[in-house]
Amino acid sequence: MAIIRSRLMTTTTNNKEEILIIKEQDVVPLRNRVRDYGVKVGMSILNQTKLITATSELVRNLLKYGGGGKVVIESVSNGRDNGVRVTFIDNGPGIPDITLAMKDGYSTGKSLGLGLPGTKRLVNEFDIKTELGNGTTVTITKWKNG
Amino acid sequence: MQNNVLSSLKEHENKLLTIWSQLLLENGSTDGITEEEESKEFTSLLLDALRISNGNNQESEEFEKVHDLLIGISSSRAKRGFSPRENAQYLISFKEAASQILSELERDPVKLYDANLILGSVIDNMTIMTFEAYMKGREDVISRQIDEISEISTPVIRVWDGVVALPIIGTLDSSRTQVVMENLLQQIVDTGSSIAILDISGVPAVDSLVAQHLIKTVSATRLMGAECIISGIRPEIAQTVVHLGIDLTGIITKASLASALQTAFDMLQLTVVKRK
Ligand SMILES: Nc1ncnc2c1ncn2[C@@H]1O[C@H](COP(=O)(O)OP(=O)(O)O)[C@@H](O)[C@H]1O
Ligand SMILES: [Mg+2]
């Protein structure tokens, strides 16, 4: 059991696993795994759907732009609520302009450009770290009652 | 290089088995009874191989027997739900047990070092083999499933004169969209239909890629002069799509296949009435 202290509250990790993502076929199993975590903390169907849709967006970005990487799934609690945290880590090229990438409709890949901004709207916590030439890490948390 | 202490491990077979089982139980990488026989046979064969070829020739007939048995064990362990980690632990624990006995038997540090080196290389090779067996088993399953899925995935159904429906079950990835779209367009031509219903009740999640594929399919249908209705949009999918920011305003969407069919009837100016 690991404890991560943040400014506001203490988040406890109860269960954790890491999944390697290298090809498109890895997307569905990952999504199902994330759903299992959602079910385990008792998430509603709506929140489960939001969580797996967000997961789907970010894992596709990790494959398409980051060239693959790994995903960490955790079930977390903050004392008041339980939730699922998913972290997407790639060692790809990074994002040159995050503000631009977070805009609705911005895409360098001829797609809808809704993955990052849409994901942010679907989850309760969204954090993105990126460094040119070094990769991108996106962390999302969905609380059971969030 | 002759290493006598490795050869003499055979004389301590029972002790080795005891220590090994102990270790396996401690790190939880065995389910106990069901495995005892296999482990016994494995130990016996491996110690024979070490006695005869001394670990220097791992391609020998004796080692071949050990390897065959091991592949059987690891695939049966895989089926019983052991992780690759637990599978590796199985062999690593064996090495630990054998190492313990070696240090009791051999007092000369150089000879002991040699013995451990050979033992290490033998076990490492086997670990790699079990990993490969495990992966191969998994890949076989996966490729069989892919074949099965693409076979059952895209039936186009003629629901009415001039109306075709295509239920989509599972994930609509890029390659599958291609198949779905080709099938649908072909059926529209073949049946001379003017309305296509794409039912997504069986799609677990609609992300922006799936949405883009759906939009593309609708546009292609319209280019053929037909109208496309998307049905089976569950409430949670509808809400998620809205939050995601996907614009489906130009597309006719319906909650159920039944209401899509009703819409199709309206468009064809058909009325379904109850017989008096
Ligand atoms: N993991 C990543 N590595 C590098 N660039 C990324 C990554 N994720 C997103 N991007 C960049 O951000 C843009 C916006 O991403 P997103 O909102 O998901 O839209 P889309 O995937 O449709 O392009 C992408 O076009 C890409 O340029
Ligand atoms: Mg994207």
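Reader: How many helices and strands are there in chain A?

Author: In this predicted model, chain A has four helices and six strands. Helices (H or I, at least four residues) and strands (E, at least two) are DSSP runs, numbered from the N terminus. Read from the N terminus, the elements of chain A follow the order β-β-α-α-β-β-α-α-β-β. Residues are numbered from 1 along each chain as its sequence is written, chains are lettered from A and ligands numbered from 1 in the order in which they are written. Local features need pLDDT of at least 70, side-chain atom pairs count only at pLDDT 80 or more, totals for chains, interfaces and linings use all residues, and side-chain values use heavy atoms, with hydrogens and water left out.

Reader: What percentage of the residues of chain A count as buried?

Author: Buried means under 20% relative accessible area, exposed over 50%, and partly exposed in between (1.4 Å probe, protein chains only). Of the 146 residues of chain A, 49% count as buried.

Reader: Which residues are buried in helix H9 of chain B?

Author: An α-helix has 3.6 residues a turn, so residues three or four places apart point the same way. In H9 of chain B (residues 235-244), the buried residues are B:Glu236, B:Ile237, B:Thr240, B:Val241 and B:Leu244. Seen down the axis of H9(B), these buried residues fall within an arc of 130 degrees, so they line one face of the helix; the arc is that of the directions from the helix axis to the C-beta atoms. The face turned away from the buried side carries the exposed residues B:Pro235 and B:Val242.

Reader: What covers the buried residues of H9(B)?

Author: The cover includes helix H2 (45-64) and helix H4 (115-122) of chain A, together with helix H8 (208-223) of chain B.

Reader: What area do chain B and chain A bury between them?

Author: The size of an interface is often given as the accessible area lost when the parts come together. Here chain B and chain A bury about 1800 Å² between them, 59% of it on carbon and sulfur atoms; buried area is the accessible area (1.4 Å probe) that two parts lose on being put together, summed over both. The contact (heavy atoms within 4.5 Å) takes 20 residues from chain B and 23 residues from chain A.

Reader: Which side chains meet in a salt bridge?

Author: A salt bridge is a side-chain nitrogen of Lys or Arg within 4 Å of a carboxyl oxygen of Asp or Glu. The count between chain B and chain A is one, and the side chains of B:Asp207 and A:Arg60 form a salt bridge (2.8 Å, N to O). H9(B) gives the most to the side of chain B that touches chain A, with six residues.
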